[in-house]
Amino acid sequence: MSTQAGSVREYFSALFDAITSTARAMYVTFKYVWAVKPVSIEYPEVREVLPDRARMRLFNDVLNCISCTQCAMACPVDCIYIASEKMPEGAEIKKTSNGQAIRLKLTQFTIDTALCCYCGLCTTVCPTECLTHSHDYEFSQYTVDHMKYDYLAPDVIAWRDRIVKS
Ligand code: SF4
Ligand code: SF4
């Protein structure tokens, strides 16, 4: 009789252990499902909002560039390549959006992004504020050579238009 009572006790003790350990495990599971904020996002459907001063891919609004080369001179890694020529005789002298005369015709504005260290010095010295860091971080390329961006090229102009609109 006492052996049977012991077996029943063992049975209920094991049952109790099973229920409490399952409840403990489910508590941990549901804590992560409902209470803990997820640390991952469903990129690319969801994108992080970057801080206002985040420094991503450089953007040059070339229509406001006066070819002064100050950005290239400030660059610590010499990754900005600029070329310009005199405006043709009698050509209308246009102005930038902050009122500076554009006396030179910009013929090349290239940045080798593979060398750029995103220090921001070039944007700081730009007198017309046409060179800025965008928030675009999606510009991976298959080769290092393709990291050189010619800001007068049609594909980069298309990219620029996307950045300006967004
Ligand atoms: S962010 Fe710095 S390293 Fe990059 S182009 Fe500008 S000055 Fe050069
Ligand atoms: S500092 Fe500004 S205006 Fe001067 S060349 Fe560079 S981008 Fe153009």
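Confidence in the chain is lowest in helix α4, residues 154-165, where the mean is 76. Helix α2, residues 70-74, has the highest, at 98. The score is pLDDT, the predictor's confidence in each residue on a scale from 0 to 100. Over the chain the average is 90, and 97% of the residues score at least 70.

This is a predicted model, so local features need pLDDT of at least 70 and side-chain atom pairs count only at pLDDT 80 or more, while totals for chains, interfaces and linings use all residues. Residues are numbered from 1 along each chain as its sequence is written, and chains are lettered from A and ligands numbered from 1 in the order in which they are written.

On secondary structure, the chain has 4 helices and 7 strands. Both are DSSP runs numbered from the N terminus, helices being H or I with at least four residues and strands E with at least two. From the N terminus the order is α-β-α-β-β-β-β-α-β-β-α.

Three of the strands form an open antiparallel sheet in the order β2-β5-β7. β2 (80-86) and β7 (148-150) are the edge strands, each with a single partner, so one side of each has no neighbour in the sheet. On average, neighbouring strands are turned by 15 degrees against each other, direction ignored. Those angles are between axes, which are lines fitted to C-alpha atoms (for helices, over the stretch in contact); in general, angles run from 0 to 180 degrees between N-to-C directions. Strands count as paired if DSSP finds at least two bridges between them. Between β2 and β5 there are 7 bridges, with A83 opposite Q108 in β5. Between β5, residues 104-112, and β7 there are 3. There I111 has Y149 as its bridge partner in β7, and T110 stands opposite D150.

Now the ligands. Around ligand 1 there are 14 residues, of which C75, C116, C119, L121 and C122 come nearest. A residue is counted if its C-beta atom, placed from the backbone, lies within 6 Å. That shell has 13 nonpolar residues, 1 polar and no charged. Ligand 2 has 15 residues around it, and C65, C68, C71, C126 and L131 come nearest. Nonpolar means Ala, Val, Leu, Ile, Met, Phe, Trp, Tyr, Cys and Pro, charged means Asp, Glu, Lys and Arg, and the others, Gly among them, are polar.

Last, two backbone details. Most residues other than glycine have a negative phi, and most peptide bonds are trans. The bond from Y43 to P44 is cis, with omega near 10 degrees; P44 is in the loop between α1 (2-35) and β1 (58-60). S67, in the loop between β1 and α2, has a positive phi of about 60 degrees and is not a glycine.
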